Amino acid sequence: MKNKFYLPMIAFLALFAFIFISCDNDDSSDTTKPLIELHEPEEGQALEIGNEHGVHLEMDLSDDVMLKSYKIEIHSNFDHHSHGGNSRATGETVDFSFNKSYDISGQKMAHIHHHDIVIPADATSGDYHLMVYCTDAAGNESYVARNIKLSNEVEDEDHHHDE
């Protein structure tokens, strides 16, 4: 009598364990990082300080399974020793920084084009880093880094799109 009770119970537990382990493996099998193709701004590009149209950002993001989010970060790349090139007196200019995340959940590929980054007129000109991070649904992250310059004197490259 005891064998009739234990045999179905053991079979049920074995089936439950198999299903639980199978589900666990499916979630952790995505180890491929998402791809970032940053088209603009380009390496070394000068971005205009005080341009009300914002910085033209264009890129393609993709993942083999599913994307989750991307983040744009801009921070100064000053080496903080004086050579007389940059005027950085207190009150004249401010080191510019930008840090914003965007949700792109549910997409396997995303074409990104926007002008969200507006550099204020009092931003300090000079060398900056532009970082783009992309995370997929499994938590894998990749990034692209660009050296850019902020300047008051930038040639108009006709990148002002209405959106």
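Which residue lies over the face of Tyr-133, and at what distance from the ring centre?

A: The model is predicted, so local features need pLDDT of at least 70 and side-chain atom pairs count only at pLDDT 80 or more, while totals for chains, interfaces and linings use all residues. Residues are numbered from 1 along each chain as its sequence is written, and side-chain values use heavy atoms, with hydrogens and water left out. Lys-71 lies over the face of Tyr-133, at 4.8 Å from the ring centre; a charge sits over a ring if NZ of Lys or CZ of Arg is within 6 Å of the ring centre and within 35 degrees of the ring normal.

Tyr-133 also forms an aromatic pair with Tyr-143, tilted, at 5.9 Å centre to centre and with 40° between the planes, where rings of Phe, Tyr and Trp (its six-membered ring) pair if their centres lie within 6.5 Å, and planes under 30 degrees apart count as stacked, over 60 as edge-to-face and the rest as tilted. Because Tyr-133 lies in strand S7 and Tyr-143 in strand S8, this pair ties together parts that are 10 residues apart in sequence; strands are DSSP runs (E, at least two residues), numbered from the N terminus.

Tyr-143 is, moreover, the bridge partner of Tyr-133 in S8, and S7 (residues 126-136) runs antiparallel to S8, joined by 10 bridges, with strands taken to pair if DSSP finds at least two bridges between them. Tyr-133 is buried, with a relative accessible area of 17%, whereas Tyr-143 is exposed at 53%, buried meaning under 20%, exposed over 50% and partly exposed in between (1.4 Å probe, protein chains only).

Technical notes:
Helices (H or I, at least four residues) and strands (E, at least two) are DSSP runs, numbered from the N terminus.
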